[in-house]
Amino acid sequence: MRIRFAFNGEDDPHEFRTSRSLRVRLRRRLSRLKYPIWVYPVVTLGLGWCLYYMFWPQPALHYDHEEDSKPGISPEIADVEKREAVVAAFKHAWAAYERDAMGFDEYHPISKKGENLAHSDGIGYTVVDAIDTIHLMGLEPEYQRARSWIDKKLNFDQPGEFSTFETSIRVLGGLLSTYYLTSDRLFLTRAVDLADRLITAFDTESGLPLPSVDLKNRKGVADKYAVDRVSTAEAATLQLEFRYLAELTKNDTYWYKSEHVMSVIDKAKLPHNLVPIYISASQGTFKESEIRLGSRGDSYYEYLLKQYLQTAKTESIYRKMYMDSMQGIHDELVQMTPTRNMTYIAELVPKNWFSGDHDYTLQHKQDHLVCFLAGSLMLGATTVGAVRKTVSVPPQLHELSAQGRRDWQTGVNLLETCMYTHETATGLAPEIAMFRTDKDTTETRDWYIKNSRPGGPSSYDARYMLRPETVESLFIAWRLTGDIRYRDYAWGIFTSIERYAKLPGGGYATVLDVDTVPVSLDDKQETFFLSETLKYLYLIFCESSVLPLQDTVFNTEAHPLPVFAPTIKPRFAI
Ligand code: DMJ
């Protein structure tokens, strides 16, 4: 039987009867409905909308860069022109932010909008993170405008939850480095105001800082999902900033509160001297969690070395902690691929979650973040691992201890692996690389991106979010070796960024899949692109006398701070 609604007399009477009885049945059904009829389509549409946003890949900008954005710069061009090209890239990114989102914490370059981190005004995330790069690049009008915003508009009296770690490394770090570079007291005054608010995060049973702070109400805020949980790297990556501020102001509270964290972690660390990524804020003991040099683990190791260097190698406790942990990394995490013998740093994953037995299994995964370690190992080899006060450029074998030689070699090899992960369709490296352990593999690369295939739907691991870690290590490697190869690598990465992440209308955006061309872009220009990636690229093409490594420590956000002989007596010592 055909069923259809018939509303005009020309239709067949049989059909009319059928449709009339259907309408009666429908009316009866409708009268039995629990809610008014309009509720049902509204709820269905609402549900559909939610599912769409939860599971459907978000619309991204598809932009075919092949046609109009060839790098346009021949490989033979001089270093000074390369440096100028990096400055032009910085201006392209900054001008778009200034035009569309000045003062907002973060920038979305495709929608051309700014966004703040909390339900309050911005706290200078982008402006303060970028201002020392602006100053270094000699961009005077831009510098004056950014300074004026910090002078007139920046206000830390903001309610909401601000990450203790991110605010310390980006905002406190940016203020302190700009003070160091310019001696302008505006930056110091602002740094003290911010630090006095941040320091309240350390008021916990163990003295470890809570992950967030309400800056207005001067109160630490616990992790919403696991109240007692603190990230190890986040707790142990504030010390350079607070120690320098303590030295400048002679207020030793900044020093002792941040130093105490190091003693808590030292007491809790495991026999191999490596640290799980989570620690208990109340107990000061490690929680069963991954051990890795990637997210939430990385800068703990970075700051061990840098705390030793910051105070002119006067605090041997950090030298010891650094050396012990590098031994642990070599014993437990350093791996080599079976076909191309590429060195990478694997992770340890708990076998029995929540058991607290710290029994682990190896996972052959390396975050892009891990690439900081290549330069850090090389820097460590020429300082902690040196048998003489100064070492040559490049270092000679006899100038390094056995451990120094080992770390140098691992650093050099790891940097080659990081470059190897740039062997993609775009020349950019993914957020996470997995390494093949199978010797008989027929694949061309002995690493891969999980859940991703070129041209297919991209996974989180496949993205390049304008991160700096490889160029950071290339910068250190260039300074320590003078090997032109590292400048060439850096230039290659820069031209890929220009080609694939640059937006013609201004700004740069995250590439969603490094292995798929034409690329799709995500609407985000991370602040570390301005403070780190472009700064390190710029410095690679500068003379080595600009911020020389022996006088400068770069905080984890690439903010340069000075090496100094401390006047405050450390309490945590061997
Ligand atoms: C930066 O914010 C810092 O370097 C941090 O330590 C981890 N990495 C991001 C950029 O990738």
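A residue counts as buried here when its relative accessible area is under 20%. Cysteine 418, with a relative accessible area of 0%, is therefore buried. Keep that cut-off in mind as we walk through this model, which is a predicted one.

Cysteine 418 has a partner: a disulfide ties it to cysteine 371, with the sulfurs 2.1 Å apart. The two ends come from distant parts of the chain, 47 residues apart, with cysteine 371 sitting in the loop between β13 (365-367) and α14 (372-381) and cysteine 418 in helix α15 (residues 402-420). Cysteine 371 comes out at 1% relative accessibility, so this end is buried as well. As for the handedness, the S-S torsion is about -100°, which means a left-handed disulfide. The structure has one disulfide. Cysteine 542 also counts as buried, because its relative accessible area is 4%.

Now zoom out to the whole chain. There are 574 residues, and 57% of them count as buried. The fold is built from 18 helices and 19 strands. Among contacts with a separation of 6 or more, 68% are between residues 24 or more positions apart.

What about the outside? The chain exposes about 24,800 Å² of accessible surface, and carbon and sulfur atoms make up 53% of that. One spot to look at is a nonpolar surface patch formed by Leu33, Tyr35, Ile37, Trp38, Tyr40 and Val42, with about 610 Å² of accessible area together. Tyrosine 35 lies in the loop between α1 (13-31) and α2 (39-55). Its relative accessibility is 45%, so tyrosine 35 falls in the partly exposed class, the one between the under 20% and over 50% cut-offs.

Methods
Residues are numbered from 1 along each chain as its sequence is written. This is a predicted model: local features need pLDDT of at least 70, side-chain atom pairs count only at pLDDT 80 or more; totals for chains, interfaces and linings use all residues. Side-chain values use heavy atoms; hydrogens and water are left out. Patches are made of residues with over 30% relative accessible area and no salt bridge: like charges are joined within 9 Å, nonpolar side chains (Val, Leu, Ile, Met, Phe, Trp, Tyr) within 5 Å. Accessible areas come from the Shrake-Rupley method with a 1.4 Å probe; for residues, only the protein chains shown count as cover. A salt bridge is a side-chain nitrogen of Lys or Arg within 4 Å of a carboxyl oxygen of Asp or Glu. Helices (H or I, at least four residues) and strands (E, at least two) are DSSP runs, numbered from the N terminus. Buried means under 20% relative accessible area, exposed over 50%, partly exposed in between (1.4 Å probe, protein chains only). Contact means heavy atoms within 4.5 Å. A disulfide is a pair of cysteine sulfur atoms within 2.5 Å.
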